[in-house]
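Here are my notes on the model, point by point. Have it open beside you as you read.

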Amino acid sequence: MFSLKQPKSTFKSYLLPQADDNIASEPRIKKLEPVLLPGEIVVNEVNFVRKCIATDTSQYDLWGKLVCTNFKISFITDDLMPLQKFHYKNLLLGEHDVPLTCIEQIVTVNDTKRKQKVLGPNQKLKFNPTELIIYCKDFRIVRFRFDEAGPESAKKVCLAIAHYSQPTDLQLLFAFEYVGEIYHNPAKKVNGIDPGGGGGGIGSASGQQTPLFETYSDWDREIKRTGASEWRVCSVNEGYMISTCLPEYFVVPSSLADQDLKLYSYSFIGRRMPLWSWNHPNGSALVRMANIKDVLQQRRIDQRICNAITRSHPLRSDVYKSDLDKCLPNIQEIQAAHIKLKQLCVNEPFDETEEKWLSSLENTRWLEAFLKHSAELVYMMECKHVSVVLQEEEGRDLSCLAASLIQVMLDPYFRTIVGFQSLIQKEWVMAGYQFLDRCNHLKRSDKESPLFLMFLDCVWQLLEQYPAAFEFSEVYLTILYDSARISLFGTFLFNCPHQRVKESTEFAISKNIQLGDEKGLRFPCVWDWSLQFTSRDRLLFHNPLYIGKSTPSVHNGALRTFKRSKKNYSSTLRGVPPALKNGIIGEQEFLPRRNSLILKLKPDFFQAAEGQSHSMEQYFRDWFAKPVDLHGVILPHLSGTQIKLWKLCYFRWVPEAQINHGGSITAFHRVSLLADEVDMLNRSLRQYKSNSSLQGHCSELDQSRMYFRANGLNDTSGAPDFLSSSFPFSPVGNLCRRSILGTPLSKFLSGAKIWLSTETLANED
């Protein structure tokens with residue numbers, strides 16, 4: 001009989017079964033790809049690159065891909081960063097990213113041929129690089145090795161970085177591509193942020209938006225806030241019809257007619273008419289003015305302007321003019337001081353004697369002149385009740401810094417987060433500070449000068465001396481400085497508002513973007529902090545020591561406000577030695593030492609009248625002898641022991657300078673925990689009373705305001721293990737001077753643009 005069963009197959013296959021085409025297999029090696037923003041494109045990349053991490057060994061080096069885009073250089077790796085316990089994440093930049101506008105100089109090296117070259121735009125490279133060193137404007141030094149990478153690919157990525165980091169035209173900066181992409185594809189907005197917003201962005205207690213001073217109403221509100229009743233908003237420059245380096249709206253004395261302003265404008269350099277900055281409660285005004293170029297009309301016009309300012313004062317007080325060009329260092333001298341500061345912070349070995357290092361720091365003459373002169377002008381407005389006119393050749397460099405410092409010292413509003421941001425908008429962005437040239441975004445080194453950094457450093461000195469008077473922290477100031485090096489924010493991209501309108505309109509036409517009624521493209525605003533940081537990380541911007549004008553408290557089930565008066569402050573300082581009151585040096589220490597920088601400053605107008613000088617010295621002595629009013633005037637301490645180095649900003653990338661579990665962050669951490677415990681007590685008390693009318697008033701206490709939070713009342717836990725003097729930044733992977741053998745960094749820091757053949761490595765033939 002025949003069997004119905006199928007015969008058993010005797011064929012045996014020795015091939016592996018094929019995977020189903022419909023099933024996507026997991027790749028064994030993860031593909032490394034950069035995270036790109038709208039409008040960002042990869043222009044070149046190279047694999048098998050080694051990023052140097054430690055200064056004396058290669059065992060911690062990372063392997064990955066080096067990518068150059070039209071916005072940044074990005075090193076992408078799957079390896080975990082060794083030796084690093086914390087990373088403060090920027091939503092726009094990766095852990096190993098460097099914005100192209102933050103690059104100072106690019107050096108390629110070939111070890112075998114003993115050659116090196118500083119790369120400029122559109123230059124050729126005749127050797128295959130084995131090493132790439134990036135010098136950054138924020139004092140970082142980043143080093144890559146190409147030992148295992150393809151030589152041609154390494155050369156191409158180096159040339160791409162050199163080309164895209166040194167653009168020749170403003171419209172080649174990344175912000176234009178980003179905004180152009182957003183206008184064509186609104187759905188691509190990063191974090192849902194609209195370009196050009198002015199939000200406070202960090203959750204300030206008041207919930208206020210930062211005024212941009214682009215409209216008539218912003219200036220009008222500032223007039224009303226300061227009580228400047230004899231001043232008015234002028235729209236004579238609407239459409240930039242008078243001057244291209246002034247804002248469309250600004251404030252002038254009410255007694256000056258528009259027709260007179262148009263006539264007088266021809267006599268000023270850049271047609272920059274006098275600009276009102278601020279009004280003191282006693283009626284004194286702070287005004288900025290460019291020089292009058294018409295010699296024949298100079299006296300008449302100057303008298304007319306001064307008379308108008310005098311009539312705007314309720315007491316008809318005189319006008320005091322300060323010629324900043326004669327009183328303060330010029331922009332070239334400031335740049336030279338900045339180079340000396342770089343040498344100290346990056347190039348000088350740390351085994352030098354402390355006395356020599358501190359002496360070198362003092363000789364940089366970095367800050368004292370501006371702090372001293374601003375304090376003297378505060379005296380004129382506060383004590384003498386006179387209006388002050390800051391006169392400068394063009395009125396858009398030194399006057400930005402001086403006017404801002406004076407207002408920070410006099411007005412507590414500008415020591416809040418929103419107030420400080422509005423101050424920068426008013427006195428820097430809208431007043432025509434040349435961010436494009438001074439920050440050297442287009443690598444025109446002859447115009448570079450770090451005035452904005454100097455201003456932030458001066459504010460940090462005041463913050464360090466009066467920590468309870470400022471709502472923001474030094475982390476906020478440091479990140480604000482970093483943001484000026486990111487070519488995305490229109491805030492720090494242009495020389496004046498008119499340049500933004502002109503350049504962006506031309507770009508819009510070339511890209512077929514319909515602007516409608518808008519005056520140019522709207523770029524992202526730096527004050528939209530949610531574009532860069534999460535709400536959790538933005539809490540580090542807040543100063544836990546800050547004492548606001550009033551503190552909410554709960555008493556017998558009712559929300560009350562406790563106002564601190566001078567008497568309250570005085571009682572807290574009883575028993576403190578006179579030399580330490582307010583954290584201020586004693587009267588005998590206030591006078592400059594024999595070799596102090598204060599004695600080396602240029603002569604100013606205060607030396608003209610001996611009686612006035614005596615009166616000013618007496619004012620300072622009296623002020624320093626009294627307890628400080630945190631919501632009144634604050635004055636800087638000018639002793640060499642009181643002017644400090646801003647270590648978080650200048651030393652954060654130097655591994656040798658890092659102090660584990662040390663630095664000011666340890667106090668910041670502890671005070672944050674105490675402040676959070678106070679908030680917890682308020683919440684507990686509110687819940688205990690359970691008063692429905694109180695619930696609405698105390699809603700702001702439902703969420704912690706502190707980055708560091710207490711685990712409970714009487715929290716005794718120690719500081720986190722990741723805290724260091726560089727927190728929230730990490731110097732890991734950023735190399736100091738002695739970690740780069742054979743690299744003449746000192747010549748670069750001294751402003752040299754070429755590498756001499758007398759150095760260890762020879763130049764390219």
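1. Buried residues, meaning those under 20% relative accessible area with a 1.4 Å probe and protein chains only (over 50% is exposed, in between is partly exposed), make up 57% of the 765 residues in the protein chain. Bear in mind that this is a predicted model, where local features need pLDDT of at least 70 and side-chain atom pairs count only at pLDDT 80 or more, while totals for chains, interfaces and linings use all residues. Residues are numbered from 1 along each chain as its sequence is written, and side-chain values use heavy atoms, with hydrogens and water left out.

2. On secondary structure, the protein chain has 22 helices and 17 strands. These are DSSP runs numbered from the N terminus, H or I over at least four residues for helices and E over at least two for strands. Taking contact as heavy atoms within 4.5 Å, residues 24 or more positions apart account for 73% of the contacts with a separation of 6 or more.

3. Now the largest nonpolar core, where a core is a set of buried Ala, Val, Leu, Ile, Met, Phe, Trp, Tyr and Cys residues joined through side-chain atoms within 4.5 Å. It has 178 residues, and Phe420 and Phe455 touch the most other members. Helix α13 (residues 451–465) gives the most to this core, with 11 residues. At least three residues come from each of domain 1 (42–166) and domain 2 (216–329 + 365–541), with the bounds taken from an automatic or database domain assignment. Leaving out residues up to four places away in sequence, Phe455 touches Leu401, Ser404, Leu405, Phe420, Leu423, Ile424 and Trp428.

4. Apart from that core lies another, of 29 residues, including Ile106, Ile134, Cys136 and Val142. Cys136 sits in strand β7 (residues 131–136) and counts as buried because its relative accessibility is 3%. Beyond four places away in sequence, Cys136 touches Val98, Cys102, Ile103 and Glu104. Between Cys136 and Ile106, 30 residues apart in sequence, the C-alpha to C-alpha distance is 9.0 Å.

5. Which residues bring helix α9 (residues 368–382) and helix α10 (residues 398–410) together? First the geometry: their axes come within 9 Å and cross at roughly 60°, which makes α9 oblique to α10. For these angles, axes are lines fitted to C-alpha atoms, for helices over the stretch in contact, and values run from 0 to 180 degrees between N-to-C directions. Under 35 degrees counts as roughly parallel, over 145 as roughly antiparallel, 65 to 115 as roughly perpendicular and the rest as oblique. The contact involves Phe370, Leu371, Ser374, Ala375, Leu377, Val378, Met381 and Glu382 of α9, and Leu398, Leu401, Ala402, Leu405, Ile406, Met409 and Leu410 of α10.

6. Helix α10 also packs on helix α11 (residues 417–429), at an angle of about 150° and with the axes 10 Å apart, so α10 and α11 are roughly antiparallel. Here Cys400, Leu401, Ala403, Ser404, Gln407 and Val408 in α10 meet Phe420, Leu423, Lys426, Glu427 and Trp428 in α11.

7. How do α11 and helix α14 (residues 474–483) run, roughly parallel or roughly antiparallel? Their axes come within 13 Å and cross at roughly 30°, so α11 and α14 are roughly parallel. Ile417, Phe420, Gln421 and Ile424 of α11 make the contact with Tyr476, Leu477 and Leu480 of α14.

8. A few backbone details to check. Most residues other than glycine have a negative phi, and most peptide bonds are trans. Phe48, in strand β1 (residues 42–51), has phi near 60°, a positive value, and is exposed, with a relative accessible area of 56%. Asn512 has a positive phi of about 55° and lies in the loop between α15 (497–510) and β15 (550–555); Asn512 counts as exposed because its relative accessibility is 61%. The peptide bond from Phe727 to Pro728 is cis, with omega near 5°, and Pro728 lies in the loop between α21 (692–697) and α22 (745–749).

9. Ser359, found in helix α8 (residues 354–363), counts as partly exposed because its relative accessibility is 35%. Although Ser359 and Gly640 are 281 residues apart along the chain, their C-alpha atoms are separated by 9.7 Å.
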